[in-house]
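The exercises below are meant to be worked through with the sequence and the model side by side. Try each task before reading the solution that follows.

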Amino acid sequence: MHTTYLENLAESLRSALGDKLIDIQVRYGELTINIRAEDIFAASEMLRDDPTLAFDTLIDLCGIDYSTYGDDLSKKNNLKNRRFAVIYHLLSVDRNHRLRIRVLTENNEYPVVDSITDIWPVANWFEREAFDLYGIVFTGHPDLRRILTDYGFIGNPFRKDFPITGHVEMRYDSEQKRVIYQPVTIEPREITPLVIREENYGDCES
């Protein structure tokens, strides 16, 4: 029953999206489609307005950094050396079905995707979060500013090349009577030290 439902939904997606649909994947009982970055706005309109699909609700939007996925996973997911992606989760309240969309950005150095705030206004803060944490730029966004990091913050914390300790730290300076920024003073340390046991350690047999 569930398989037939997914097959019917997949067929409706193919019919509605046409050449804007790169491929469809079914894994763990969930449907994922891949859309080109330049097609996401038009495809989103179709997904919302087509009466057989009626995806009226954007549940979530997030960024992904695939830089450490490795060759096997990259090939499995058809990433083609693309580093960044935007993931959308949609819901049709009327038809009670769900969909995941993956959009791979074309440029690994400057990832850009069209904003969908005009289609689902709730995307506003989601896109700001992906911009802040991953550096993904959403063209056409009405107010693309950082939303979680501090004013003047440099870098994107969820990129896998961003140091865990960050680049700067802040503290209150009693002489200047204000908060100041300075280079990080945390020294690298090994949380779990490497322990080399002697041969036959813990062996109960004599």
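**Exercise 1: the surroundings of T149**

In this predicted model, T149 is in contact with D132 and P157, when its neighbours within four places in sequence are left aside. Determine where T149 is found, whether T149 is buried or exposed, and which side chains are joined to the side chain of T149 by polar contacts.

Solution. Begin with the location: T149 is found in the loop that runs between β7 (137-139) and β8 (168-173). Next, consider accessibility: the relative accessible area of T149 is 19%, and because buried means under 20%, T149 is classed as buried. Then examine the polar contacts, where the side chain of T149 is joined to that of D132 at 2.7 Å and to that of R146 at 3.3 Å.

**Exercise 2: the helix that holds D132**

Describe the span of α4, list its buried residues, and state which strands these residues pack against.

Solution. Start with the span: α4 has 12 residues and reaches 16 Å from its first C-alpha to its last, which is close to the 16 Å expected at 1.5 Å a residue. Continue with the buried residues, which are A123, E127, R128, A130, D132, L133 and Y134; D132, the partner of T149 in the 2.7 Å polar contact, is therefore one of the buried residues of this helix. The buried residues of α4 pack against β3 (57-65), β4 (84-92), β6 (112-114) and β7.

**Exercise 3: aromatic pairs**

How many aromatic pairs does the structure hold?

Solution. The structure holds three aromatic pairs. As to accessibility, Y134 is buried, with a relative accessible area of 14%, while F158 is partly exposed at 46%.

A further pair, F153 and F162, is tilted, with 6.0 Å from centre to centre and 35° between the planes. Of these two residues, F153 is partly exposed, with a relative accessible area of 28%, and F162 is buried, with a relative accessible area of 15%.

Definitions and conventions. Residues numbered from 1 in each chain as written. Predicted model: local features only at pLDDT ≥ 70, side-chain atom pairs only at ≥ 80, totals over all residues. Heavy atoms only, no water. Helix = DSSP H or I, 4+ residues; strand = E, 2+ residues; numbered from the N terminus. Buried < 20%, exposed > 50% of the residue type's maximum accessible area, 1.4 Å probe, protein only. Polar contact = N/O pair within 3.5 Å; in protein donor to acceptor, adjacent residues only side chain to side chain. Contact = heavy atoms within 4.5 Å. Phe/Tyr/Trp six-rings, centres within 6.5 Å; stacked < 30°, edge-to-face > 60°. Expected span 1.5 Å × (residues − 1).
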